[in-house]
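Reader: I would like to learn how to read a ligand site in a model. Please take me through it step by step.

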Amino acid sequence: MASIFSRIVEGEIPARTVYEDETTMAFLDANPLAPGHTLVIPKEEYERLNDLPEGLASDLYDTLHRLIPAVEDAVDAPASNVAFNNGEAAGQEVPHVHGHIIPRFEDDGGNPIHAIAGSPPDLADDELDDIAERISANNQA
Ligand code: 5GP
């Protein structure tokens, strides 16, 4: 079944669209965490960031890049958090890649991205070395 965001792309569900091109689209979040909270999506449906083909990943980043200042300026925000919930365990509810642009304001009571995860792990140096080596090896595979 098509995701709720694919239905927005098809015009079956209304949205406050703020940008659209051939491959990407952006619209206001229906339950904004701040004024201007915007979602940026690839029009084609992929669940995770790493599922996106290379060209589409670049298109998505280009759209984020141009919309961040547009969103911040529209609501006079001095900053924003830009984030993806990438997978269900990370809190992704809609299985169609979407970047959140959440405008932030001085003293808005919110938190930095460091507040997302649970208790920070206590990792020994050799564990950190091992993790770094595995990431590097996976990237070369
Ligand atoms: P997630 O947790 O998957 O990263 O975030 C999904 C986001 O989509 C939520 O912030 C939610 O408010 C937003 N959302 C869910 N359904 C709709 C919808 O039909 N229209 C719009 N504009 N946003 C939606």
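Reader: Which residues surround the ligand, and which are the closest?

Author: A residue is near a molecule if one of its heavy atoms lies within 4 Å of it. Here the ligand is surrounded by 16 residues, and D29, N31, E93, H98 and H100 are the closest. This is a predicted model, where local features need pLDDT of at least 70, side-chain atom pairs count only at pLDDT 80 or more, and totals for chains, interfaces and linings use all residues. Residues are numbered from 1 along each chain as its sequence is written, and side-chain values use heavy atoms, with hydrogens and water left out.

Reader: How many residues of each class are in the shell around the ligand?

Author: Ala, Val, Leu, Ile, Met, Phe, Trp, Tyr, Cys and Pro count as nonpolar, Asp, Glu, Lys and Arg as charged, and the others, Gly among them, as polar. The shell holds eight nonpolar, six polar and two charged residues.

Reader: Which elements each supply at least two residues of that shell?

Author: Helices (H or I, at least four residues) and strands (E, at least two) are DSSP runs, numbered from the N terminus. In this shell they are α1 (4–9) and β2 (24–28). The largest share, three residues, comes from α1.

Reader: Which polar side-chain atom lies 2.7 Å from an oxygen atom of the ligand?

Author: A polar contact is a pair of N or O atoms within 3.5 Å. That side-chain atom belongs to H98. On the backbone, a polar atom of L28 is 2.9 Å from a nitrogen atom of the ligand, and a polar atom of A30 is 3.2 Å from a ligand nitrogen. The ligand taken alone exposes 520 Å², of which the protein buries 82%; such areas come from the Shrake-Rupley method with a 1.4 Å probe.

Reader: What is the volume of the largest pocket?

Author: On a 1 Å grid over the protein atoms alone, a pocket is an open set of points where a 1.4 Å probe fits, with protein on both sides within 12 Å along at least five of seven lines; lining residues have an atom within 4 Å of a point. The volume, the space filled by probe spheres set on the points, is about 890 Å³. Of its 39 lining residues, D29, N31, L33, H37 and H100 are the closest to the centre. The ligand takes up space in this largest pocket, given that a molecule sits in a pocket if more than half of its atoms lie within 2 Å of its grid points.

How values were computed: Polar contact = N/O pair within 3.5 Å; in protein donor to acceptor, adjacent residues only side chain to side chain.
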